[in-house]
Amino acid sequence: MNLSRLDLNLVLALRALLEERNVTRAGERIGLSQPAMSAALSRLRRHFDDELLARTGNAYELTPLGAALRDRSATACDLLERVFSSQADFDPAAESREFTLLASDYGAAVFGAALARTVHEEAPGIRLTFQHPAPSIVENTAAVLSTVDGLLMPHGVIDGLPAVDLHQDRWLFLVADDHPEIGDELSLDQLGRLPWAVYQRPYDAPAARQLSMIGISPQVEVSVQTFQLLPLMVEGTRRIAMIQERLARKAVRSAAVRVLPCPFEAVPVREAMWWHPVHAQDAGHIWLRQKAAEVGATLAGNGYSHGKGPGKAVPVDQSAGLPPGRL
């Protein structure tokens, strides 16, 4: 395909037509008259040798190719917008720009909040938007990342794309304050016998992955889409849950739960910000990556301190001013 022979304005028309499924509304959306949009549709039909929009009664329906092109055209438009908004110079104190990061609630609460504080102090005109990634992220990671500024996700889920390492975290367990069967420690037998609350996405089920490596299949009673719901799902029940230490510090204040050490050698979380090479030379994105690395280094320097001072890791049941097992 020779791109120099294509009218890239047709990409905008294609997206509008496939999403609106109406020539008049599509034209109004991108500022073209109805005749001009009809002409664009004719050119697109000739190019693809497909109707794209097929009339059914008084409405239009997408052909199979049209349905396949709908998401691709949206991705192409987002990518073109980012390509042509790239900057050779970037002054964070004076610029007005929005950066979009895909992140779970863990990534947004732990790293995202720290990054937002830094941006607030150094770049008042910069806006950060955090969005929850769709399950399809692992199927078409490069295409999705080309339309946003980054993805906060631990190592071990995706690869083959550049990343900025941020910080490390360890897994702990949540149990109810008044759990009738658990004292100051969990046993491997209890992990297999007690009911669970888990964070579950099709591509990211840390509890199941960790336990499968030691031959334990959790008895899942509750599955949620955010880590911060786990304390509420454990409170007042016999359930147990795995949660990252940095989030546990923030989350357990909302529920009557205790935090206990992991009874096996769990693989730690190595959080990173993944990005697409299309952003490599964009001065604004370079600044964002530098800020991410600086904030990540600060979090990494804080270690698993539990309030004991930077870098000083202590057992979870020795936190200052709190009963055993509480953060």
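What follows is a set of questions and answers on this predicted model.

Me: How many helices and strands does the chain have?
Reply: The chain has 327 residues, and buried residues make up 45% of them. Among contacts between residues at least 6 apart in sequence, 73% join residues at least 24 apart. As for the elements, the count is 11 helices and 12 strands.

Me: Which element gives the most residues to the largest nonpolar core?
Reply: That core has 39 residues. Elements that give two or more residues to the core include α5 (105–122), β7 (171–176), β8 (195–199) and β10 (240–244). With five residues, the top contributor is β7.

Me: Which residues touch the most other members of that core?
Reply: Nonpolar side chains tend to be buried together in soluble globular proteins. Take Ile-240 here: its contacts include Phe-173, Leu-174, Leu-191 and Trp-196. The residues that touch the most other members are Phe-173, Leu-174, Leu-191 and Ile-240.

Me: Is β10 enclosed or open to the outside?
Reply: Look at its two faces. Ile-240, Met-242 and Gln-244 lie on one side, Ala-241 and Ile-243 on the other, and all are buried. That makes five of the five residues buried, so β10 is largely enclosed by the rest of the structure.

Me: What is the bridge partner of Phe-173 in β10?
Reply: Strands of a sheet pair through backbone hydrogen bonds. Five bridges join β7 to β10, and the two strands run antiparallel. In β10, the partner of Phe-173 is Met-242.

Me: Which backbone oxygen does the side chain of Arg-239 reach?
Reply: Residues in contact with Arg-239 include Val-222, Met-233 and Val-234. For one of these, the side chain of Arg-239 comes to 2.7 Å from the backbone oxygen. The residue is Met-233.

Me: Which strands stand at the edges of the five-strand open sheet?
Reply: The strand order is β4-β3-β5-β12-β6, with mixed pairing. An edge strand here has a single partner strand, so one side of it is left without a neighbour in the sheet. The edge strands are β4 (126–131) and β6 (163–169).

Me: What is the bridge partner of Leu-101 in β5?
Reply: Strand β3 (residues 97–103) and strand β5 (residues 150–154) run parallel. Three bridges join them. In β5, the partner of Leu-101 is Gly-150.

Me: What angle does the direction of α11 make with that of β6?
Reply: Two helices can be compared here. α5 packs on the sheet, and its direction makes about 180 degrees with that of β4. Helix α11 (residues 283–302) also packs on the sheet, touching β3, β4, β6 and β12. With β6, the direction of α11 makes about 20 degrees.

Me: Which side chain does the side chain of Asp-282 contact?
Reply: Asp-282 sits in the loop between β12 and α11. At 3% relative accessibility, Asp-282 counts as buried. Its side chain makes a polar contact at 2.6 Å with the side chain of Arg-97.

Me: How are α1 and α3 placed to each other?
Reply: The axes of helix α1 (residues 9–20) and helix α3 (residues 34–48) come within 10 Å. Residues that meet there include Leu-14 and Leu-17 in α1, and Leu-41 and Phe-48 in α3. The axes cross at roughly 100 degrees. The two helices are therefore roughly perpendicular.

Me: Is Asp-49 buried or exposed?
Reply: Asp-49 lies in the loop between α3 and β1 (53–56). Its phi is positive, about 50 degrees, although Asp-49 is not a glycine. Its relative accessible area is 70%. The cut-off for exposed is over 50%, so Asp-49 is exposed.

Key:
Residues are numbered from 1 along each chain as its sequence is written. This is a predicted model: local features need pLDDT of at least 70, side-chain atom pairs count only at pLDDT 80 or more; totals for chains, interfaces and linings use all residues. Side-chain values use heavy atoms; hydrogens and water are left out. A nonpolar core is a set of buried Ala, Val, Leu, Ile, Met, Phe, Trp, Tyr and Cys residues joined through side-chain atoms within 4.5 Å. Buried means under 20% relative accessible area, exposed over 50%, partly exposed in between (1.4 Å probe, protein chains only). Helices (H or I, at least four residues) and strands (E, at least two) are DSSP runs, numbered from the N terminus. Contact means heavy atoms within 4.5 Å. A polar contact is a pair of N or O atoms within 3.5 Å; within protein, one must be able to donate a hydrogen and the other to accept it, and residues adjacent in sequence count only if both atoms are side-chain atoms. Two strands pair if DSSP finds at least two bridges between them. Axes are lines fitted to C-alpha atoms, for helices over the stretch in contact, and angles run from 0 to 180 degrees between N-to-C directions. Angles under 35 degrees count as roughly parallel, over 145 as roughly antiparallel, 65 to 115 as roughly perpendicular and the rest as oblique. Lists of a residue's contacts leave out its neighbours within four places in sequence.
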